[in-house]
Protein chains: 2
Amino acid sequence: MTTANLMSACEVAAQTAAGRLSCEDVARACLDRFNAREPVVKAWVTADPDLIMAQARALDGRKQRGPLHGVPVGIKDIILTSDMPTQMGSPIYRGYRSKADASCVALLRAAGALIFGKTVTCEFAHVAPGETTNPHDKSRTPGGSSSGSAAAVADFMVPVAFGTQTAGSVQRPSSFCGIVGYKPTFGLISTEGVKPAAESLDTIGLMARTVEDVELTARVLTNSAPVQWLSQGTPVRIGLCRTYVWDSADDATRQALDDAARRLAKAGFSVKEVALPPFFSELAETREIINDFERARCSAYEWFAHREQLSERFTKMMSNGVAIPRDRYVEALQRVEVCRDALGEVFSGVDVLLAPTAKGEAPAGLDYTGDHRFQSLWTQLRTPTVTLPTHAGPNGMPIGVQLIGKPYADNQVLGIARLVFETLGRGPVVKAA
Amino acid sequence: MTTANLMSACEVAAQTAAGRLSCEDVARACLDRFNAREPVVKAWVTADPDLIMAQARALDGRKQRGPLHGVPVGIKDIILTSDMPTQMGSPIYRGYRSKADASCVALLRAAGALIFGKTVTCEFAHVAPGETTNPHDKSRTPGGSSSGSAAAVADFMVPVAFGTQTAGSVQRPSSFCGIVGYKPTFGLISTEGVKPAAESLDTIGLMARTVEDVELTARVLTNSAPVQWLSQGTPVRIGLCRTYVWDSADDATRQALDDAARRLAKAGFSVKEVALPPFFSELAETREIINDFERARCSAYEWFAHREQLSERFTKMMSNGVAIPRDRYVEALQRVEVCRDALGEVFSGVDVLLAPTAKGEAPAGLDYTGDHRFQSLWTQLRTPTVTLPTHAGPNGMPIGVQLIGKPYADNQVLGIARLVFETLGRGPVVKAA
């Protein structure tokens with residue numbers, strides 16, 4: 001028995017490439033953790049020990065070592081896999097098996113990753129939750145809709161998992177579970193093979209325990225140059241951005257952001273306040289119009305052929321969406337476009353923005369996965385964001401802070417994120433009870 | 001035996017709604033045409049008479065009449081259907097059956113349309129063609145990749161069909177086969193359930209024999225207000241736009257465009273020349289970078305799991321795409337964005353642009369589906385375009401002209417397109433031999 005489940009993806013890949021660790025050992029360590037904790041955490045819809053060990057043995061037999069050799073990865077269950085069911089958090093897809101792997105799965109497999117299993121998702125990545133609990137407190141939500149991916153990574157069952165974000169479904173659960181979440185610029189990671197929720201918003205995100213791990217995974221997916229890591233003392237200009245939802249943030253979130261800004265300034269970062277133009281607050285309304293209009297179309301088959309199997313919350317959203325006139329939808333898209341066009345001005349004189357990731361700690365109870373407004377503005381703006389688990393709230397639950405870059409400045413924001421994480425340190429010790 | 005196969009979708013819907021025509025009669029007329037012509041045209045991969053008649057009878061038994069009641073529709077075979085295989089023009093998907101209908105199919109079914117079958121597509125909507133012939137000359141290509149959809153509509157087997165356009169796959173075959181093609185603004189019609197080719201470019205298009213038919217179908221798909229049709233004499237400002245590929249257009253295409261401009265001016269339209277800014281010519285290069293990079297990801301599963309079943313042309317494109325660095329891709333996206341930002345200036349003082357649809361007549365032979373550069377610039381610019389079959393070339397083959405609107409001005413361009421079509425008239429009589 002090893003403790004390879006505690007390793008980062010970078011460590012696993014380095015060790016397996018060097019022949020110092022077998023993929024079987026890694027898989028077994030993760031399975032041991034899974035067996036110990038899954039009855040409480042309930043992060044997985046599908047995790048088949050035989051299939052996991054078969055993959056591990058096959059990888060150990062491979063001559064070539066990909067950049068993710070032997071790295072176990074969790075796949076949100078709205079992402080297609082050729083060898084496991086994809087059930088989408090909906091009884092409509094109970095037992096459903098696709099022919100193909102999604103693009104992101106195929107690319108990771110080719111790089112040597114081990115597809116550990118499918119993680120719990122809210123119904124079609126919307127809001128009706130599964131049974132996953134927060135690894136830090138089983139009476140609290142892990143957030144959603146990428147609930148199982150966040151919980152599995154936070155609980156050391158796998159080092160990396162895929163989430164998807166249409167509103168806040170990567171960054172909110174990452175914050176609630178105390179891990180690193182990376183939502184790339186819209187479009188950079190192909191969503192081929194992912195059940196669409198709202199196509200102009202859907203973004204695949206990467207969830208891990210370190211910035212280096214999301215960077216390594218993103219590099220495989222997008223053929224990008226490596227991030228140039230920054231050393232302490234590199235001049236970085238941070239825009240402290242309280243956003244238009246600041247007033248509804250919990251005290252713990254406000255304190256976390258102010259503390260982060262203060263400590264970064266003390267460490268030599270340049271920090272200045274950046275206010276979003278007032279019309280950015282329209283993003284709260286546009287998100288609902290765009291989401292509901294697009295979802296009504298993306299789920300047309302489920303709506304017309306299986307309506308009785310949709311949850312009440314999904315049904316309500318669909319009823320709203322099918323009634324939205326196209327002109328209203330287009331007008332909402334154009335209002336977002338006005339905000340996107342103003343990003344140059346927002347970022348003038350700063351490299352990244354620093355903003356709250358979520359309203360506060362993970363709420364008590366499993367029924368409500370949390371408020372998406374702190375994340376969904378950046379989803380609409382299509383900017384890359386990284387959340388870092390740097391703080392804790394009054395109940396000892398994780399609180400994240402979010403760094404936001406200009407569109408396509410993904411490598412810049414990842415580089416700064418690592419430096420910021422190193423400077424601020426991890427918040428509550430991530431050690432599941 | 002009726003001649004309902006000659007009717008437009010609007011006529012069919014009006015007649016069936018009024019109870020003057022049964023869906024069975026419509027289906028039988030289309031099947032008769034199919035039986036007579038399919039051995040030569042080869043437009044269909046799947047068209048099952050039993051399933052077609054069963055749908056027709058079910059529709060005849062329905063109390064409610066949707067806006068497309070009884071209208072037979074052809075579905076390009078990269079678009080998922082729950083009751084027919086989706087084979088994508090590739091042996092990898094031979095006999096493949098999806099669980100669900102694509103969004104566009106589900107929405108049409110709910111509106112009362114009859115899903116007639118699946119039309120031939122090039123391999124994954126790329127360039128390796130199927131066996132479809134041009135209904136006007138079986139020795140010539142129908143164009144691609146929406147080959148079967150264009151041929152089936154042109155040949156009066158169905159009044160409407162879905163195509164998809166990533167470069168020129170709707171408008172080029174529409175021009176070659178002498179029908180009306182409508183490529184909406186990017187994103188307006190949900191591509192959920194369509195096999196992605198290149199996600200930032202993929203656009204579902206509608207192919208029909210009248211502008212009214214594409215309008216009716218688009219209204220069902222997008223919940224849009226009806227187009228306000230224009231009467232003769234309405235002041236319309238047309239920008240004659242020769243584009244940066246004018247020099248490579250055939251004489252017949254240049255003559256068609258000049259003739260169209262001359263006759264429209266004579267009929268009272270305001271016509272002035274509009275030149276694209278010189279940097280728009282970069283769209284020829286950016287298209288290849290963006291397409292190949294995105295395709296390499298969208299087809300990752302096929303590439304890694306079934307490479308030996310891909311065509312030589314697809315393999316070559318994929319080899320190129322997997323090697324493109326992300327920075328080069330992002331730079332191409334940003335160059336396109338610069339062009340999009342300049343569209344306001346391009347359209348200043350005009351309502352629509354008038355441009356060539358294709359290089360010329362359908363080329364001889366079935367192996368090459370034609371040059372996409374005349375269409376793909378508008379795909380990248382995300383503008384709505386309508387091609388109209390207004391002219392003929394030296395071999396009596398159709399030549400289309402293209403009207404282009406500003407992004408989201410779909411209803412405006414459709415309204416003007418009908419008026420232009422009425423003014424110029426149909427080119428060669430569309431009467432398949």
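Strands β1 and β3 of chain A pair in the antiparallel sense over 2 bridges; two strands count as paired if DSSP finds at least two bridges between them. Helices (H or I, at least four residues) and strands (E, at least two) are DSSP runs, numbered from the N terminus. The model is predicted, with local features requiring pLDDT of at least 70 and side-chain atom pairs counting only at pLDDT 80 or more, while totals for chains, interfaces and linings use all residues. Residues are numbered from 1 along each chain as its sequence is written, and chains are lettered from A and ligands numbered from 1 in the order in which they are written.

The chain passes from β2(A) through α4(A) to β3(A) in a right-handed β-α-β crossover. Such a crossover is called right-handed if, with the strands pointing away from the viewer, the path from the first strand over the helix to the second runs clockwise.

A residue is buried if 20 or more other C-beta atoms lie within 10 Å of its own, exposed if 12 or fewer, and partly exposed in between, with C-beta atoms placed from the backbone. All 6 of the 6 residues of β3(A) (residues 114-119) are buried, so the strand is largely enclosed by the rest of the structure. Helix α4(A) (residues 103-110) is likewise largely enclosed, because 7 of its 8 residues are buried. The buried residues of α4(A) are A:Ser103, A:Cys104, A:Val105, A:Ala106, A:Leu107, A:Leu108 and A:Arg109. Just after this helix, A:Gly112 adopts a positive phi of about 95 degrees.

These strands belong to an open sheet of 11 strands in chain A, with mixed pairing and the order β1-β3-β2-β4-β6-β5-β10-β11-β9-β7-β8. Strands β1 (44-46) and β8 (270-273) of chain A stand at the edges with a single partner strand each, so one side of each is left without a neighbour in the sheet. Elsewhere in the sheet, β4 (residues 160-165) and β6 (residues 203-208) of chain A run antiparallel and are joined by 6 bridges. The bridge partner of A:Ala161 in β6(A) is A:Met207. Helix α14 (residues 373-381) of chain A lies across β4, β6, β9 (352-356), β10 (385-392) and β11 (398-404) of chain A, at about 80 degrees to β4(A). Axes are lines fitted to C-alpha atoms, for helices over the stretch in contact, and angles run from 0 to 180 degrees between N-to-C directions.

In the assembly, 32 residues of chain A are in contact with 32 residues of chain B, contact meaning that the C-beta atoms of two residues, placed from the backbone, lie within 7 Å. The largest share of the side of chain A that touches chain B, 5 residues, comes from α4(A). Of the interface residues of chain A, 100% are also interface residues in chain B, so the copies meet through the same surface. A rotation of 180 degrees with 0.0 Å of shift along its axis superposes chain A on chain B (RMSD 0.0 Å), by least squares on the C-alpha atoms of residues with pLDDT of at least 70 in both. That is the relation of a two-fold axis. In chain A, the C-alpha nearest the axis belongs to A:Ser98, 3.9 Å from it.
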